[in-house]
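Colleague: I have a new model open and would like to learn how to read it. Could you take me through its features one by one?

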Amino acid sequence: MSKKIRLSVKIAFGFSVLIAIMLAIGVNTVRELRGIERWSVDVNDQAVPLLIKSMNIERQSQAAIAEDLRYQLTGDSRQVALISTNMVEIKNSIRETLDLATQYNLYNKQQLARQARDAANDYTELFHRVSDQVEQIAALRRQMQENEDRFHNACRAMYAAEQRSSLKSIDEMIAGKMTTVSTNAPTIRESMVVDLEARLKDGAICRDVVDLSHEAMIALQRADIYRDPVLASAALTNLEAINTKLEELKTTLDAENVPAFDACRKAARDYRTTTENLVTAWRNQQSLQKKGEEISGQMLRQAREIAEHGITQVRVSSSNAVQSVANSFLTIGLGIALAMIVGALFSITLSRSITTPISRIITELSSGAEQVASVSNQVASSSQQLAQGAGEQASNLEETSASLEEMASMTRQNADNAIKTDKLMSETKNMVLDGVNSMKSVSVVIGGIRQSAKEMAKIIKTIDEIAFQTNLLALNAAVEAARAGDAGRGFAVVAEEVRNLARRSTEAARNTANLIEDAQKNAETGVQATEQLAGSLNKIQDSALKVAALVAEITAGSRQQAQGIGQVNVAVSEMDRVVQQNAANAEESASAAEELSAQAQELHTLVEGLMELVKGSETAATNGVQPQQKPDTHPAPASPAHAPDATRAASSPAASSGELKHKTPEKAIPLDDHELKQF
Amino acid sequence: MAIVETNVPASQKRTGKHLVFRLAGEEYGFPILKIQEIVQWLELTRVPRVPDFILGVMNLRGKVVPVIDLHVRFGLPPAPVTPRTCVIVLQVQRETGLLVSGVVADDVMEVVDVPVEQIESPPEFGARVSTEFIAGIVQIENRVILLLNAEKVLDSRDWTFVEKVLEEKDQAHE
């Protein structure tokens, strides 16, 4: 079946199958790549920008929060500007995100972005409040510091006053014994001790107040350090304790120390008030901070959510893309495997279907090349002969030319003779007319002769009848004589004589009749001959006319012939030229045949090369050996066929010209020396 | 020359002159004493109810004579009538009387004298003519002549019937 199909159809079929497979792979791959592209575009245009934006939001939010915290901690007013710019950036990012989400109709992200925007607005508002609070706190703190300092100074002054009065009391006691309290010595002493004790007690209270104020300061510092208003409330209890201590001190206070005490108490009161305000403001700030943390946490959460949405989208897209890639890998792998199998099968069949006929063609070509070589040798020898023949032809043509000259003169002579013939023919015509007239008179005469012969025949018939009857009479007489016996003997003799006479007259009549019949026949023949002669003469007359016409034509023809001979002369000279050219061409064809032989050899080499190409060097080598092996198996038919050709090629004049010198005897004769010796 | 001896046996009368005539290219002979005369061919009158070898009757000087065609009688090919055709009139002695009858000959040749010693017996077979009609055979100068027996030639089983018819005709004629 596969042999019946053409090679081109086979190739086309195979390649179209491969192309179809490739096309299917390509279409599938393109489809998958289109999906990947779509996913990538989604990722690139939507998810990644959203992700970046959301990350930005998150980062900026965190920065803002950090800044906020720092601000709340430090109260540095420079942070406010930074936080404001941060908030503006956050809002910008949120707006861009919202724009992107709106652009791609991502409703949940729009919602999230809106919420984030609200949160950002809230946060900004809150921040304003916080900053106010912070400023207020700062003011309060300054005030508190001031009050504190004042209080401390007052305390210190009070304490110093107390110390001084105590020391004075002690000095009085030591120096004057009773200078101040001379009247009542024991009482004075006792009062002096009591006074001293009171003074010491006052000094202790003052010291306690100072300690408490220190503790309150420490508590405030601690609260400041730990950022805890609860710790600050400890300071407030200390301040309460100071208050009680001061109240206690008030009872035992010296008059001289009252201003200091009042100042101290006032300072303590102020200090306490400011501290309470500060704590309140602080608490407010903390609640605001908590709220701000909440809002910022919400903002961050939304930003994270958007980011996570982006990440999810990226993940989904990338997993889809990976799936597509895997699909296309699978289809490409399967397709390539299928294509390889189909291609392998196709290439095997195709190579088989090509190599088989090609190897057959190669063997035929090889034998053809050998035949061409031998034929070209024959052509060479034929061309030599042709050249020789052309030379002979040239000499013959010269002879022809001479003959043509003779022909021309003869043609002129012909024309002259034709004119003479014309004259003779008119004379002949007259003679023929005379002959016709003579023939007519001869016919008449012969008619007379025929008539006479007829009459004579009648007479002879009569004579014959008479003779017959005489014979009958003689026989009757003989019968009668026999009847008469001896008496009729004489009569019998007479009857016999009569019968003899009758017989003789019969014979004479018969002879005469024959003669007359001959004469009659002759006359008949004469009449016919005359008629034929007359017809012939008429024909002669016609012919003479025709001859005259023909002679005229001959005259014209001779003239044309003369012209024709002139043209023939030209043609002969042309032929001479052509023959010379033929000779040259024959020489050329001889050399061409030699070249052809060389090319046939080359063709043989090429065919061997082709054989190597098609069957591989091993098989080509075995094929090349085969013709050498043939003489072993069939020495008789192979060697006589090849050897004479080769020797002729080697010893022919063509070889002597040197064209075929490269054609070695080893190549021409497919036998080695040993086999040649055997041959 | 022997005179007619009617009482001599037929085998001994094979002598003397014979009239030689031609019939279908062959030469036959009748003894001359059996012959009444020779006449030229005449127009015949055909007679019905007679054997096919009887051509008809002819008027021989007032006498009705039957004419036999020997071609038919001998089974030879028929021959056309020519100017040389003749009728040989035979007369044969029979028990009832003298029988006169004509025999057609293609040509009449001559009268030959046949020596008795030259006459040979008819062959048992091979002759074209039935041997019962042949009296003998003679060879003269390279010519073979069959000598016929005139009685046998004229004799026939039908002959009485022929005679009766002829008598009737004769009476009618008279």
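Colleague: Let's start with contacts in chain B between residues at least 6 apart in sequence: what percentage of them join residues at least 24 apart?

Modeller: Keep in mind that this is a predicted model. In chain B, 59% of those contacts join residues at least 24 apart. As for burial, 47% of the 174 residues in chain B are buried, where buried means under 20% relative accessible area.

Colleague: How many helices and strands does chain B have?

Modeller: Chain B has three helices and 10 strands. Reading from the N terminus, the order is β-β-β-β-β-α-β-β-β-β-β-α-α.

Colleague: In which sense do S1 and S2 of chain B pair, parallel or antiparallel?

Modeller: Strand S1 (residues 16-23) and strand S2 (residues 26-31) of chain B are antiparallel, with six bridges between them. For one residue, take B:Phe21, whose bridge partner in S2(B) is B:Tyr28.

Colleague: Which residues touch the most other members of the largest nonpolar core?

Modeller: To read a core, look for the members with the most contacts to other members. In this core of 46 residues they are B:Phe21, B:Phe30, B:Leu70 and B:Phe74. Helix H6 (residues 258-484) of chain A supplies the largest share of the core, seven residues. There is also a second, separate core of 33 residues, including A:Cys155, A:Ala219, A:Ala223 and A:Ala267.

Colleague: And helices? What distance does helix H1 of chain A reach from its first C-alpha to its last?

Modeller: A general point to begin with: an α-helix has 3.6 residues a turn, so residues three or four places apart point the same way. Helix H1 (residues 7-74) of chain A has 68 residues and reaches 93 Å, close to the 100 Å expected at 1.5 Å a residue.

Colleague: Where does H1(A) bend, and what follows H1(A)?

Modeller: H1(A) bends by about 40° at A:Val43. After H1(A) comes A:Gly75, with a positive phi near 70°.

Definitions and conventions. Residues numbered from 1 in each chain as written. Chains lettered and ligands numbered in written order. Predicted model: local features only at pLDDT ≥ 70, side-chain atom pairs only at ≥ 80, totals over all residues. Heavy atoms only, no water. Core = buried A, V, L, I, M, F, W, Y, C linked by side-chain atoms within 4.5 Å. Buried < 20%, exposed > 50% of the residue type's maximum accessible area, 1.4 Å probe, protein only. Helix = DSSP H or I, 4+ residues; strand = E, 2+ residues; numbered from the N terminus. Pairing = 2+ DSSP bridges. Expected span 1.5 Å × (residues − 1). Bend = angle between axes of the 7 residues up to and from the residue. Contact = heavy atoms within 4.5 Å.
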